[in-house]
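This briefing is intended for reading alongside the sequence and the three-dimensional view. Please keep both at hand while going through the points below.

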Amino acid sequence: MRAKTAADIAAELEAELELYPDERGEILSEAAHAWREAGDDGRAIELLNQAVALGGEDGGCARVELAEVLFDLDQAEDAFAQLDELRRERPSSPAPYHLAAELLEERGELQQALTWFNMAIARLTDEEMAQRNGEFGFLTYADNIVVGRRRVRHALGVPPDELDESVGAPAAQAENLDRALIPQAPPREARVLFWPRDEIPRAHETWPQLVQHADVDTVVADREAANRELSDAGTTRITMVPLSVEKLLEFSARTGGDAADETTRMACMEEILAGGGGISWPPVRNAPCWCGSGTKYKKCCGRPRTS
């Protein structure tokens, strides 16, 4: 059986448009990307224009993707026209502005990039900004935007302001990631034991030495970030194994093990896996998020948090 080509993947994605109308914008953008990989920029532009017409966050992001295609085709005037139109549309989500900022930064248009970073930050809610103050605030989408703004301001030689200085040490270090911290020979396959959302508070209460944070979003964001690091480092298959307090207590009592001991937890993980309890990461299209939120992965932990 021949391997699927980019054109095959693009065609399959287009076939899903009628099956998943609520994800039309997302699918159109993914299909456009695949057509670009296949060398058909014309078809990619057609699909991105369809996505743009949908409006909203997906439409705004598609407009930035369309601008990127036009830049790559040396049609800079048309590309900037797309960004100007996006600015006139004034979408409420910060995502399109953030994408535009990073696109312009990559092209060396730093002053314009800073303007778009500022517009993205202006559309973050107070709650999203407050999440940056948590112990793992550097994993939040809001902090990612703030870090990008600081990076561009630094490149422009602008003195740091209060928002720049609010970037915590972990996020600052992430801008210059120490590659020595990444294993030189990452495992090709990893098995990850984790607590689903509704188990985290009880696990923290039962074993605070194992689950040090009661904040569900913090624990989940930390796990997603760690998975992405594994994947970026070269791990090709990640299997997540959900663990419940009840299961670990039962397993420990039955085997005479200590729940606080890693050997016991790993043995429990193997038993769960043997019973078919593993979850592939990242989940496939339309599968619920691994964290147990009940929301689709791409609308939950899979949302863009470019790092």
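How many salt bridges does the structure hold? The structure holds 21 salt bridges, a salt bridge being a side-chain nitrogen of Lys or Arg within 4 Å of a carboxyl oxygen of Asp or Glu. This is a predicted model, in which local features need pLDDT of at least 70 and side-chain atom pairs count only at pLDDT 80 or more, while totals for chains, interfaces and linings use all residues. Residues are numbered from 1 along each chain as its sequence is written, and side-chain values use heavy atoms, with hydrogens and water left out.

**Salt bridges**

- Arg 43 and Glu 14 meet through their side chains in a salt bridge, at 2.5 Å from N to O. Arg 43 belongs to helix H3 and Glu 14 to helix H1 (residues 6-15), so this pair ties together parts that are 29 residues apart in sequence. Helices (H or I, at least four residues) and strands (E, at least two) are DSSP runs, numbered from the N terminus.
- Arg 43 counts as partly exposed because its relative accessibility is 23%. Buried means under 20% relative accessible area, exposed means over 50%, and partly exposed lies in between (1.4 Å probe, protein chains only).
- A salt bridge also joins the side chains of Glu 89 and Arg 63, at 2.7 Å from N to O. This pair links distant parts of the chain, with Glu 89 in helix H5 and Arg 63 in helix H4, 26 residues apart.
- Within that pair, Glu 89 counts as partly exposed at 40% relative accessibility, whereas Arg 63 counts as buried at 9%.
- Asp 143 forms a salt bridge with Arg 132, and their closest N and O atoms are 2.6 Å apart. Asp 143 lies in helix H9 (residues 141-155) and Arg 132 in the loop between helix H8 (126-130) and H9, so the pair ties together parts that are 11 residues apart in sequence.
- Asp 143 counts as buried at 3% relative accessibility, and Arg 132 counts as buried at 11%.
- A network of salt bridges links Arg 149, Arg 153, Asp 161 and Asp 164.

**Helix H4**

- Helix H4 (residues 56-72) has 17 residues and reaches 25 Å from its first C-alpha to its last. This is close to the 24 Å expected at 1.5 Å a residue, where the expected span is 1.5 Å times one less than the number of residues.
- The buried residues of H4 include Gly 59, Gly 60, Cys 61, Arg 63, Leu 66, Val 69 and Phe 71.
- Helix H2 (24-37), helix H3 (41-54), helix H5 (76-89) and helix H6 (95-106) are the elements against which the buried residues of H4 pack.
- Asp 74, which follows H4, has a positive phi near 60°.

**The loop between H2 and H3**

- Ala 38 lies in the loop between H2 and H3 and counts as partly exposed at 39% relative accessibility.
- Ala 38 touches Ala 6 and Ala 7, not counting residues up to four places away in sequence; contact means heavy atoms within 4.5 Å.
- The C-alpha atoms of Ala 38 and Ala 7 are separated by 5.4 Å, although these residues are 31 residues apart along the chain.

**The sheet**

- An open sheet of 3 strands has the order E1-E2-E3, with mixed pairing. Strand E1 (189-194) and strand E3 (279-281) stand at the edges, each with a single partner strand, so one side of each is left without a neighbour in the sheet. Two strands pair if DSSP finds at least two bridges between them.
- Neighbouring strands of this sheet are turned by 30° against each other on average, direction ignored. Axes are lines fitted to C-alpha atoms, for helices over the stretch in contact, and angles run from 0 to 180 degrees between N-to-C directions.
- E1 and E2 pair in the parallel sense over 6 bridges, and Phe 194 stands opposite Pro 242 in E2.
- Strand E2 (residues 237-242) runs antiparallel to E3 and is joined to E3 by 3 bridges. Thr 239 has Ser 280 in E3 as its bridge partner.
- Helix H13 (residues 216-233) packs on the sheet and touches E1, E2 and E3, its direction making about 155° with that of E2.
- Helix H15 (residues 262-274) lies across E1 and E2 and runs at about 105° to E1.
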